[in-house]
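Dear colleague,

I am handing over the structure below, and after it you will find my notes on what turned up in it. Please read them with the structure open beside you.

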Amino acid sequence: MTTSRRSLLAASVVGTALLPSLPRLTRAQAANTIRIGVLNDQSGTYRDISGPYGVECTRQAVQEFGNKGFTVEVIFADHQNKPDVGANIARQWYDQGVDMIIDVPTRSVGLAVN
């Protein structure tokens, strides 16, 4: 039997129609904690525009968001305006389960983290 384009298309349509009837494989419920990492300059040039103020603003936003059935943990670190330091911190955080990294005001560090 040769396979034509029409028979292949018909088989894919039938297979797609049967997908909702198949049992779903569900994953276990994830932990109810979201970890946000604030990676900014705590001691150098960009200290005044983000630094400790960025961390406090993030904590305030989390507090104003309130409890929606999960907790939010805010951690922070100083990248010292060095791309290698920022990339190493980001790699370590992602290995530890940080969900997102915010507030990277330096372009060189931002590109390294990205």
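This is a predicted model: local features need pLDDT of at least 70, side-chain atom pairs count only at pLDDT 80 or more; totals for chains, interfaces and linings use all residues.

Asn 81 counts as partly exposed, at 25% relative accessibility, where partly exposed covers the range between buried (under 20% relative accessible area) and exposed (over 50%), computed with a 1.4 Å probe on protein chains only. This residue lies in the loop between strand 2 and helix 3, helices (H or I, at least four residues) and strands (E, at least two) being DSSP runs numbered from the N terminus.

Residues are numbered from 1 along each chain as its sequence is written, and side-chain values use heavy atoms, with hydrogens and water left out.

Gln 80 is found in the loop between strand 2 and helix 3, and for Gln 80, too, phi is near 60°, a positive value in a residue that is not glycine. At 42% relative accessibility, Gln 80 counts as partly exposed.

Both of these residues are touched by Asp 41, whose contacts (heavy atoms within 4.5 Å) also include Tyr 46, Arg 47, Ser 50, Gly 51, Asp 78 and His 79, when residues up to four places away in sequence are not counted. Asp 41 lies in the loop between strand 1 (33–40) and helix 2 (51–65). Which side chain of opposite charge is nearest to Asp 41? That side chain is Arg 47, 7.8 Å away, and Asp 41 is buried yet has no salt bridge; for charge, Lys and Arg count as positive and Asp and Glu as negative, with His and the chain ends not counted, and a salt bridge is a side-chain nitrogen of Lys or Arg within 4 Å of a carboxyl oxygen of Asp or Glu. A polar atom of the Asp 41 side chain does, however, lie 3.0 Å from the backbone nitrogen of Thr 45, and the backbone nitrogen of Tyr 46 lies 2.9 Å from a polar atom of that side chain.

The strands on either side of helix 2 come next. Strand 1 and strand 2 (residues 71–78) run parallel and are joined by eight bridges, two strands being taken as paired if DSSP finds at least two bridges between them. The chain crosses from strand 1 through helix 2 to strand 2, and this β-α-β crossover is right-handed, which means that, with the strands pointing away from the viewer, the path from the first strand over the helix to the second runs clockwise.

Within strand 1 is Leu 39, whose bridge partner in strand 2 is Ala 77. Leu 39 counts as buried, at 0% relative accessibility, and, leaving out residues up to four places away in sequence, touches a list of residues that includes Ala 77, Gly 86, Ile 89, Trp 93, Ile 101, Val 104 and Val 113. Pro 105 is also on that list; the C-alpha atoms of Leu 39 and Pro 105 are separated by 8.7 Å, although the two residues are 66 residues apart along the chain.

How many salt bridges does the structure hold? There are two. In one of them, Glu 73 pairs with Arg 35, the closest N and O atoms being 3.5 Å apart, and this pair links distant parts of the chain, with Glu 73 in strand 2 and Arg 35 in strand 1, 38 residues apart. Arg 35 is buried, with a relative accessible area of 18%, whereas Glu 73 counts as partly exposed at 33%.

Lastly, Arg 35 is in contact with Asp 99, among others. Asp 99 sits in the loop between helix 3 (83–96) and strand 3 (100–102) and counts as partly exposed, at 47% relative accessibility. Beyond its neighbours within four places in sequence, Asp 99 is in contact with Thr 33, Ile 34, Arg 35 and Tyr 94.

How values were computed:
A polar contact is a pair of N or O atoms within 3.5 Å; within protein, one must be able to donate a hydrogen and the other to accept it, and residues adjacent in sequence count only if both atoms are side-chain atoms.
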